[in-house]
Amino acid sequence: MGQNETVVTVISKISERPVDLDAALVVIYGLELGRKYDLCKTETLIGRSAKAEIQVDQESISRNHACITTSKRGVFIKDLESTNGTFVNDEPVRGETPLCNGDLVKIGRTIFKFIAGGNIETAYHDEIYRLTTMDGLTQIYNRRYFEEALEREVSRSRRYERSLALVMFDVDHFKRVNDQHGHLAGDYVLKQLASTLRTRIRREDVFARYGGEEFGVLLPEVDLVGAVKLAEKARRLVEKQRFEFDNTLIPISISLGVAVLESGHRDLVDLKRAADAKLYEAKAAGRNRVCS
């Protein structure tokens, strides 16, 4: 190279480069539960279209539903004028919205968790473990964890001769909610119901979504009187709660069955069967009531 020669190096614009961190979306509710989508491109399209990098084949999702952009400024999501909208932490996305580590992104009936940082694989494995115990939609315990806790507490109750109560309940006429208002409305009702009751339950109690619209509350060291009192309180809270989806009020009530561990119960199955029997009794008696 000559002394007077000039070297020209072409450098891409910094603003066009992806941000210097790992980022991904993990499915925590919906089809392909636990799947991780790395956000390694400048733009990532989400939708039903075959051209979408994150393709989700659901009727409630538009072909080109939302787009995630990654740049030096950070990671942002934008709704592409979809039919049912895009939500971050239950807030509708309007314009370009920044994503922060731990944000929940809801598109159609699918919920993603946004993870970002220097050790994304560790965060991903932590989230996968969490999915084994938590329900992705309602963010309360799932059936697997509930049944493990029930087995543990039955054994503990027998050993120390302490009370153990179980409340099982479900949403009245929930099929009608889905049929009249759609499954997105049904998902909203379940999530709002769980949120309404979660803060009114003791830390030592186990509140879980048992399946579909059915929930359970495990109450260690609580007798029948105390369990009925809690169940009635929950019933009133749900009855008074305002459930509004897409500017439409949806009347919601719950029916509850209460049982306590008795000497004649052989195992957790008998206790669950006793609570279920009382739940069916509440529904047969007209719903929106507690039976024990």
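Modeller: The largest pocket has a volume of about 620 Å³. On a 1 Å grid over the protein atoms alone, a pocket is an open set of points where a 1.4 Å probe fits, with protein on both sides within 12 Å along at least five of seven lines, and the volume is the space filled by probe spheres set on the points. Bear in mind that this is a predicted model: local features need pLDDT of at least 70, side-chain atom pairs count only at pLDDT 80 or more, and totals for chains, interfaces and linings use all residues. Residues are numbered from 1 along each chain as its sequence is written, and side-chain values use heavy atoms, without hydrogens and water.

The lining has 24 residues, each with an atom within 4 Å of a point. F87, D90, Y188, F245 and D246 lie nearest the centre. The biggest share, 6 residues, comes from α4, while β7, β10 and β15 are among the elements that give at least two each. Helices here are DSSP runs (H or I, at least four residues), as are strands (E, at least two).

So where is it? Domain 1 (23–131) and domain 2 (143–285) both supply lining residues, so the pocket lies between them. Those bounds come from an automatic or database domain assignment.
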